[in-house]
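Let's take a friendly look around this protein together. Keep the picture open as you read.

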Amino acid sequence: MIKRDEYLRKIIAYKDKELIKIITGMRRSGKSFLLNRIYYNYLINLGVKQNHIIKVNLESHTFKTLRNENKLYDYIVSNIHDDKKYYVFIDEIQLIDNFEDVLNGLINDYNLDLYITGSNSKLLSTEINTKLRGRGIEIKIFPLSFKEFYSYYGGDKESVFKEYVRYGGLPYLTQLNNEEEKIEYLKMINETIAYRDIIERFNIRNIGLFDSLINLIYSQIGSVVSPNKITNTLKSNNYKTINHETVSNYLKYLSDGFLFYKVNRYDIKGKEYLKTLYKYYAVDIGLRNQKMNFNQMEIGHTLENIVYFELLRRGYLVNVGKNENKEIDFVVKHNKTISYIQIASTIENPDTLKREINSLKGLDDGYEKVIITMDKTIFNHLDNGYKVINIFDFLLE
């Protein structure tokens, strides 16, 4: 079993606090397993009695009848028999309309520690947090990091990394033994997220157009895009009636379903966010590869995608940087500390090294400047104090 200790520590930090723990992330990223197996076992080992842990999975057929605010409330209350603390786990809470009223009622009326999971960023909207009266705290769950993935397999790092880069980090993949099973699983998850979580939920009628948009974004991970540029590309592919508003809505739906993460661009010299152009990264590189039929597996953008989500896992605020007319892959903020990060598969070629360094020139603010690469070298510093980090040293910390 992959323990996912970092996430467990985050949940434990909020245990018994008067906050609703909102565990978010894409479908099959491990939210339910973390809550219902790992954290559940932690509570049992602490001495919490089983009948003081109430679990409801609203996606399960067993609990289908509870997809109603009043029925869910009544079910949970019916399982409370004393004044001692009860721990309540509710999976996929977004399947209930007005779920905020249920949560507020439960936490007001009973001695509960409340945990919910969801696969849609609707849970994080300002409106919902207002309805929860500021009681919600988010814990983001991502597919397996390479460190978690490698902890399961062990052995040669490079061969395990090739597996990770090809099939991604969805936890269940570790239970599948051959390529055909892995590809079919990734296909199933892609279709489930696209159709059940997005197309049906938002009543999208032009499925062909929506699918083409997904393919286009997958093909351009790490590239600067905008709704206008995407609209023009789709029009050139015979979707003549597509417009900017539809593309903007579709992009929002894809982000709401946690399939893609939108990254803003930040003008370092102007000290402002740019409003027109940004990047998207795929939450799982394996899902991207399957949708692209394992073509376009360009290592540079793949590394960029993997590093981006590793930075998010570590709690950093991540933007794409604009340094005058040059681009910096990531401007990373943590508290008051900033780092500038460039990603390159190799910098052994002098022209490549020059290009990566040029993007960082002129930034004389004293902040750390890093190039992450797959190169193996005993030298980890360049001129001007620039640091070089091997991708394995970075991902395995």
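## An aromatic cluster

In this predicted model, one aromatic cluster is made up of F146, F149, Y150, Y152, Y153, F161, Y164 and F392. Across the structure, the count of aromatic pairs comes to 29.

Where do F149 and Y164 lie? F149 belongs to helix 6 (residues 146-153) and Y164 to helix 7 (residues 157-167), so this pair ties together parts that are 15 residues apart in sequence. Both F149 and Y164 are buried.

## Two residues with a positive phi

Most residues other than glycine have a negative phi. Now look at R4, whose phi is near 55 degrees, a positive value in a residue that is not glycine. R4 sits in the segment before helix 1 (5-13).

N335 is not a glycine either, and has a positive phi of about 55 degrees. You can find N335 in the loop between strand 9 (326-334) and strand 10 (337-344).

To find E181, go to helix 8 (residues 179-202). E181 has a relative accessible area of 37%, so it is described as partly exposed.

Note on methods: Residues are numbered from 1 along each chain as its sequence is written. This is a predicted model: local features need pLDDT of at least 70, side-chain atom pairs count only at pLDDT 80 or more; totals for chains, interfaces and linings use all residues. Side-chain values use heavy atoms; hydrogens and water are left out. Helices (H or I, at least four residues) and strands (E, at least two) are DSSP runs, numbered from the N terminus. Buried means under 20% relative accessible area, exposed over 50%, partly exposed in between (1.4 Å probe, protein chains only). Rings of Phe, Tyr and Trp (its six-membered ring) pair if their centres lie within 6.5 Å; planes under 30 degrees apart count as stacked, over 60 as edge-to-face and the rest as tilted.
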